[in-house]
Amino acid sequence: MKKIILFTNMTSIKKHWQNALFGKYLTVSIDSFDALTNYLKATEEDIIIMLDELSVSDIDDSLLKLEPYHNATILIFHSLPEVHHAAQLLKQGIKGYENSYIAKENLLTMLKGIENGYRWLFTDLTNFVINKYVQTIDKREPEFLHLLTQKEKDIALMIADGYSNKEIAKKQKIALSTVKGHIRHIFEKAGVSDRISLALQFR
């Protein structure tokens, strides 16, 4: 069973994470940065760190101090995630950024994606990254496109343009749950697990 370090000094966040991960992952709770680095010095196993940003005084300095530990995959959590700040943190090597109180099923999906080598960004940040760095005017047609239904093609193109699920539902005049179902099928046919990877297929 994969081990995860829960780094937070917020009792409510720690309990939320522990309840969500119970039975799925081995968790080690740490609330002191010195204790965190000492733990990393003593282990060579690959480990995921769920780091509550509000539990450190300087996130940039903290990430700099964690750089030498190549066996550690760092995920940042914040109770009020902010797009532009998160975009800056991505440049510092973090693999994920999310709301501290992310729903259990989404957290487990996030961790599964991280273990498979993907990055995980909260929805608003994903759309920001697509719009700022991925979106192109002249899209080439990716190979998987012929596998999609017309509705799936329309939605795939909207994802590549940075539309959110709610925006897609409104424009397509379909339920949000229907949009999510279409996106799940699109990801399966495209062989991707996140919106940015899908958008990159059109470059």
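Predicted model: local features only at pLDDT ≥ 70, side-chain atom pairs only at ≥ 80, totals over all residues.

Tutor: Residues are numbered from 1 along each chain as its sequence is written, and side-chain values use heavy atoms, with hydrogens and water left out.

Student: What makes β5 and β6 a pair of strands?

Tutor: Strands are DSSP runs of E with at least two residues, helices are runs of H or I with at least four, and both are numbered from the N terminus. Two strands pair if DSSP finds at least two bridges between them. Strand β5 (residues 96–99) and β6 have two bridges, in the parallel sense. In β6, G96 has W120 as its bridge partner, and Y97 has L121.

Student: Which strands are the edges of the sheet, and how do you know?

Tutor: The open sheet has six strands in the order β2-β1-β3-β4-β5-β6, with parallel pairing. β2 (26–30) and β6 (120–121) each pair on one side only, and they are the edge strands. Helix α2 (residues 33–41) packs on this sheet and touches β1 (3–7), β2, β3 (47–52) and β4 (72–78); touching is contact, meaning heavy atoms within 4.5 Å.

Student: How many bridges join β4 to β5?

Tutor: There are four, and the two strands run parallel. From β5 the chain crosses through α5 to β6, a left-handed β-α-β crossover.

Student: Why are α8 and α9 called roughly perpendicular?

Tutor: Axes are lines fitted to C-alpha atoms, for helices over the stretch in contact, and angles run from 0 to 180 degrees between N-to-C directions. Angles under 35 degrees count as roughly parallel, over 145 as roughly antiparallel, 65 to 115 as roughly perpendicular and the rest as oblique. Helix α8 (residues 165–172) and helix α9 (residues 176–190) pack at about 110°, with axes 9 Å apart, and are therefore roughly perpendicular. N165, K166, I168 and A169 of α8 meet L176, V179, K180 and I183 of α9.

Student: What angle do α7 and α9 make?

Tutor: The axes of helix α7 (residues 150–160) and α9 cross at roughly 85° and come within 10 Å. That makes α7 roughly perpendicular to α9.

Student: Why is the pair of F7 and F33 called edge-to-face?

Tutor: Rings of Phe, Tyr and Trp (its six-membered ring) pair if their centres lie within 6.5 Å; planes under 30 degrees apart count as stacked, over 60 as edge-to-face and the rest as tilted. The ring centres of F7 and F33 are 6.1 Å apart and the planes stand at 85°, so this pair is edge-to-face. F7 lies in strand β1 and F33 in helix α2, so the pair ties together parts 26 residues apart in sequence.

Note on methods: Right-handed = clockwise from strand over helix to strand, strands pointing away.
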